[in-house]
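Here are some quick notes to go with the model. Have the viewer open while you read.

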Amino acid sequence: MGLFQKLFSSKEKLAKREKYKIGMAKTRKGSLSSLKDVLLTSKTIDESLFDKLEEIFIMADIGVDTTVSFIQTLRSEVKKQKMTDPKALENIIVDNMFSIYTKNEIISTNIRYNKEGLTVILMIGVNGTGKTTSIGKLAHKIKSEGKTVMMAAGDTFRAGAIEQLKIWGQRVGCSVIAKAPGSDPSSVVFDAIREAKQQSIDVLLVDTAGRLQNKVNLMKELEKVNRTISREMNGVVYETYLVIDATTGQNGLSQAKIFSEAASISGIVLTKLDGTAKGGIVLAIRNELGIPISFVGLGEKITDIDYFDIEDYIYGLFADFFD
Amino acid sequence: MAFENLTSRFQMALRRLTGKARLTENDIDEMMREIRLSLLEADVNYKIVKEFTEEVKQLALGEKIMKGLNPDQQVVKVVNDELTKLMGGEAVPINLKTSGITSIMMVGLQGAGKTTTAGKLANYLRKNNQINPLLVAADIYRPAAIDQLKTVGEQLKITVYEEGDKVSPQTIVKNALKYAKENNFDTLIIDTAGRLHINETLMTELQDIKKITNADEILLTVDAMTGQDAVTVASSFHEALKVTGCILTKLDGDTRGGAALSIRKVTGVPIKFAGTGEKLSEIEVFHPERMASRILGMGDVVSLIEKATEEIDEDEALSMMEKMMSGKFNFNDLLKQMKMIKRMGAFSGILKMLPGMSQMANMDKVDDKQLVYIEAIISSMTKEERIHPELMERSSSRRNRVAEGSGRSTTEVNRLISMLEKQQKMMKQFSSMGTPNMEKMATGGLQNPASSNKRNRGKGKGGFRI
């Protein structure tokens, strides 16, 4: 029994894992070669096998550099252990995939709540990744854990953004602090923190306008929001989530790199994982920049958000192994 | 003629440096590895990269190395040419009916930018194609999507047709058509909800809308940052709807946008527009040829090659140098020279690229406006004055007349005269240095860039041939 099977044989995990599988498995109908086919049909471990593996990882958007070094690791493992059976590669692939992500650290995806009072969660990212939707889902999740929540409409730029957040506020059943479109986002955040403290709210979720990371002025605006929060919170650590769309390619790395210069990112929310894209760029982000993944968005319903689980994720990447 | 020897010696040196007249398999293999990674980094689909590099390899084999290029640059040139071809060469215009109502459907994944782009497109077509657009809010699913379109409409003063989020998109579209007919709108731009290509119910909804409106354009909106999945998304939408065009959004980011190539290659659907900013005016017709070098990501090398092969007319440059060296350099030549240099970019930048001439790069910089002024001044001179600069030097009344005629100050006229003088002097010095010195300058300039990093190697390595 391979490591794969051992990992994924526990029944209680199956239900949750199905979600990842339903979303991510759809790719398998497509033209992408599957890991299963590759490992089972290859007779020996040779260059063409490595080529096929490379294809699988690149097609999952894992990133060129990370894939190249990953394949390199596989090559040297094969050499060291004098392996010839392709099926035996399975364990090494999974093992190394895990170590790319865990890096021998214990990663907690839990929100670091401030025990003494208000916890702030700031959502940032490029345009159209799903920040506002993720705030709605997260607020619902946090509220169902028994906490009081509030939202701040920090996206004062995009048409309809404030209304969109207000609708989420109604669905979740929490108040939304907003100002007129075009106001300074920092002033919205300032007001919201005051208001949240006054009402003894547990968690304040802050929406921001989508911005491309190469727009210097918009990144400065974000720095200001960030400064406002840390000043108003007297330096209490708060969560900053970078929202990344699973369809994003290599640009995800640039997003993570530049956004973390403007704010200290505590984790990634990987959205739209219910499509055919695998969002592998987050592995590259973790590998190259050390930023972990905190949440995944798996659908359009308010409950379709979950804590990230690396086992489930890798299962989703190679789910066909168990069919 | 001294200069002819000089040119050929430059070229000899270059050829010795590269040592090859034809591309060998080795040159190509080496470069192809780098190009392959570059394309993958740009998110071009893996399979396409593989096919493409194999095809191009065959094309490049045995290709002659152009004078002034080294094998690496030559391979990049072949690749860039082929990429441009693949991207479809010319921009494809949007399909608008001359009579009756044109229907344009905006479709795509969530967050690609359909609503914003619908507004931008309506505004663009109103301005450039004299249409009277009606925006139709058919996204009843995303919270506040209708509000967003209404706000965009208000900003642009374009009417938005909406029936709230309780009516089916099919009904909304049907009624919108009727509304358009009654109120003399000639173009419907329909904002549909973002959806996953694997959501069959929602894809059927789009097919319904297509039938109802008999859509003239179905534009797939794609985020320029999309990764490998672009192919799956585009081909699913295309299969279901027969997409007529693509709009690439968020191209103002730092993404290389390889998705554009994947979509084009797999579906054959042309990319018609590109979103290039947050403002509602920031949309432009998509230029395939510009996209090619962006995807390749070897802009430095590519632009240098372009300069080397296109911008400079060799004969023109040669006769110019001849004139300069002979010291018979007049106002006509000065104007010609400036225009020539202008075509290639900043004056100082060009000089720096010339091997061994970087110390001369601080010569008076020329900007666009100044060139216009200089042209005005020179055109105000008589033919005789232009050929014999000394006439201008000697007579202050001539200088005053020219100043008045050109609308510039006498100081500027004087400055131009002394500039010509300076150039003449410099050229005389230059030619009196003799050929051995020149050769030393040439090779000296060539050695340094050759040892610098690979991607920037093009700079200075004798990219062109004056």
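1. First, the terms: a residue is buried if 20 or more other C-beta atoms lie within 10 Å of its own, exposed if 12 or fewer, and partly exposed in between, with C-beta atoms placed from the backbone. Helices are DSSP runs (H or I, at least four residues), numbered from the N terminus. This is a predicted model, in which local features need pLDDT of at least 70 and side-chain atom pairs count only at pLDDT 80 or more, while totals for chains, interfaces and linings use all residues. Residues are numbered from 1 along each chain as its sequence is written, and chains are lettered from A in the order in which they are written.

2. Have a look at α10 of chain B, residues 259–267: Ala259(B), Ala260(B), Leu261(B), Ser262(B), Ile263(B) and Arg264(B) are buried there. After α10(B) comes Gly268(B), with a positive phi near 75 degrees.

3. On to the interface. Chain A puts 34 residues into the contact and chain B puts in 31 (C-beta atoms, placed from the backbone, within 7 Å). On the chain A side, α4 (47–59), α8 (161–172) and α11 (251–262) each supply at least two residues, and α8(A) gives the most, with four.

4. Now the nonpolar cores, meaning sets of buried Ala, Val, Leu, Ile, Met, Phe, Trp, Tyr and Cys residues joined through C-beta atoms within 7 Å. The largest has 179 residues, and Leu204(A), Leu205(A), Leu135(B) and Val136(B) have the most contacts inside it. Helix α4 of chain B (residues 71–87) gives the most to this core, with six residues. Another core lies apart from it, with 11 residues, including Phe329(B) and Leu416(B).

Key. Two residues are in contact if their C-beta atoms, placed from the backbone, lie within 7 Å.
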